Amino acid sequence: MSAIDWHSNIAESFDSGYQRSARFAERLRVLGALIEQHLPDGGTFLDAGCGSGVFSLIAARRAAHVTGFDGSADMIALARAKPLPNVQAQVSFEVAELGEIAKFGPGEYDVVFSSSVLEYVEDLRNGLNAHAAMLRSGGVLIVSMPNGDSLYRLAERTVFEAIGRPRYLRYVRHMPRADELAQLVRRAGLQQLSTATFGAAPLLGPAMRALGMARKSDTLTVIAARRGGGLRLKYEPPSQGPGGGWCHINLHERYGGTLPKKLEFSQISARPRHPAQDARILEAYKKFEATMKAPCT
Ligand SMILES: C[S@@+](CC[C@H](N)C(=O)[O-])C[C@H]1O[C@@H](n2cnc3c(N)ncnc32)[C@H](O)[C@@H]1O
């Protein structure tokens, strides 16, 4: 049986968890707030491994286009059966596997969303790269996975190795620590914006949270990370050369982790800025570029 078959078998009970379980309610609240924060009005949203579609429907309140896909036809049937919020968004749910993600249009999305899915793929690094490639410049990946720092997850794994329960662990291939996930996200060319844990562990979870140990007990991690936005720069010609002009570059793709903080934060908006702000960014960029000896061409 595959992870997809497993989820097909539990589709209805998984979906009803969102109505009856406090842990699912927290998941809705935390991930829903990140969607609200990063999805622009009229934006595009891709929900990869959307399950029964609950997060797609949150996104549909403000997006213009929402696409949810999942390998499980049973999950997609539940998603399609849900009433759409009273909005103009175009929402579509399709049966497709993560390996087919590129057919939904690389470079087209303001938000790519992945909740509790990538732990099931064979190659996490390739999976994250493929998700990152779906973002438009300035778009944000929201990715949530089991928290590999969690002592509860460690105990769960130990019990699984002894008695084969909980059964879902048969299908889980990855449980990265928050710093490992952050590193993979950065290697996918994204700029990490935030990391949080959520999903209080049963029994000792609330007490560990009260002691400030949420990261060691919460069951889930979520990272939001942006695909570097473009920076439009006016450049000067060498004194005798042809005229200057504009170039549009993606600083993150070009320089990755070597970017100075000032540029890292100033270049992320693809939207127009105040000219004085642009001038400051340009100044910082010129100084930086001189040290990198990589002309803007
Ligand atoms: C734990 S559920 C999460 C569903 C939804 N994202 C949510 O948070 O409510 C995991 C989902 O991933 C889907 N899935 C697992 N592996 C997949 C794959 N290779 N391709 C597409 N979907 C997959 C399952 O069918 C299932 O619906």
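Trainee: How do the residues of the shell around the ligand divide into nonpolar, polar and charged?

Mentor: The shell holds nine nonpolar, seven polar and two charged residues, where Ala, Val, Leu, Ile, Met, Phe, Trp, Tyr, Cys and Pro count as nonpolar, Asp, Glu, Lys and Arg as charged, and the others, Gly among them, as polar. This is a predicted model, in which local features need pLDDT of at least 70 and side-chain atom pairs count only at pLDDT 80 or more, while totals for chains, interfaces and linings use all residues. Residues are numbered from 1 along each chain as its sequence is written.

Trainee: Which residues come nearest to the ligand?

Mentor: Of the 18 residues around the ligand, His 7, Gly 51, Gly 71, Ser 72 and Ser 115 come nearest, a residue being near if its C-beta atom, placed from the backbone, lies within 6 Å. Helix 1 (residues 3–9) gives the largest share of this shell, three residues; helices (H or I, at least four residues) and strands (E, at least two) are DSSP runs numbered from the N terminus.

Trainee: Why is Gly 127 called buried?

Mentor: A residue is buried if 20 or more other C-beta atoms, placed from the backbone, lie within 10 Å of its own, exposed if 12 or fewer, and partly exposed in between. Gly 127 has 24 such atoms within 10 Å and is therefore buried. This glycine lies in helix 6 (residues 124–132) and, leaving aside neighbours within four places in sequence, is in contact with Leu 98, Leu 118 and Val 121, contact being C-beta atoms within 7 Å.

Trainee: Why does Ser 116 count as partly exposed?

Mentor: Ser 116 has 19 C-beta neighbours inside 10 Å, so this serine counts as partly exposed, whereas Gly 228, with 25, counts as buried. Ser 116 sits in the loop between strand 4 (109–115) and helix 6, and has a positive phi of about 55° although it is not a glycine. Gly 228 is found in the loop between strand 7 (220–227) and strand 8 (230–235).

Trainee: Which residues touch the most other members of the largest nonpolar core?

Mentor: A nonpolar core joins buried Ala, Val, Leu, Ile, Met, Phe, Trp, Tyr and Cys residues through C-beta atoms within 7 Å. In the largest one, of 56 residues, Ile 35 and Ile 142 touch the most other members, and strand 5 (residues 135–146) gives the most to this core, with six residues. Residues up to four places away not counted, Ile 35 touches Phe 55, Ile 58, Ala 59, Val 111, Phe 113 and Ile 142.

Trainee: What makes strand 3 and strand 6 stand at the edges of the sheet?

Mentor: The open sheet of seven strands has the order 3-2-1-4-5-7-6, with mixed pairing, two strands being paired if DSSP finds at least two bridges between them. Strand 3 (90–95) and strand 6 (190–198) each have a single partner strand, so one side of each is left without a neighbour in the sheet. Strand 6 pairs with strand 7 in the antiparallel sense over eight bridges, and Gln 192 has Ala 225, in strand 7, as its bridge partner.

Trainee: Which strands does helix 8 touch where it packs on the sheet?

Mentor: Helix 8 (residues 178–187) touches strand 5, strand 6 and strand 7, and its direction makes about 155° with that of strand 6; axes are lines fitted to C-alpha atoms, for helices over the stretch in contact, with angles from 0 to 180 degrees between N-to-C directions.

Methods
Two residues are in contact if their C-beta atoms, placed from the backbone, lie within 7 Å.
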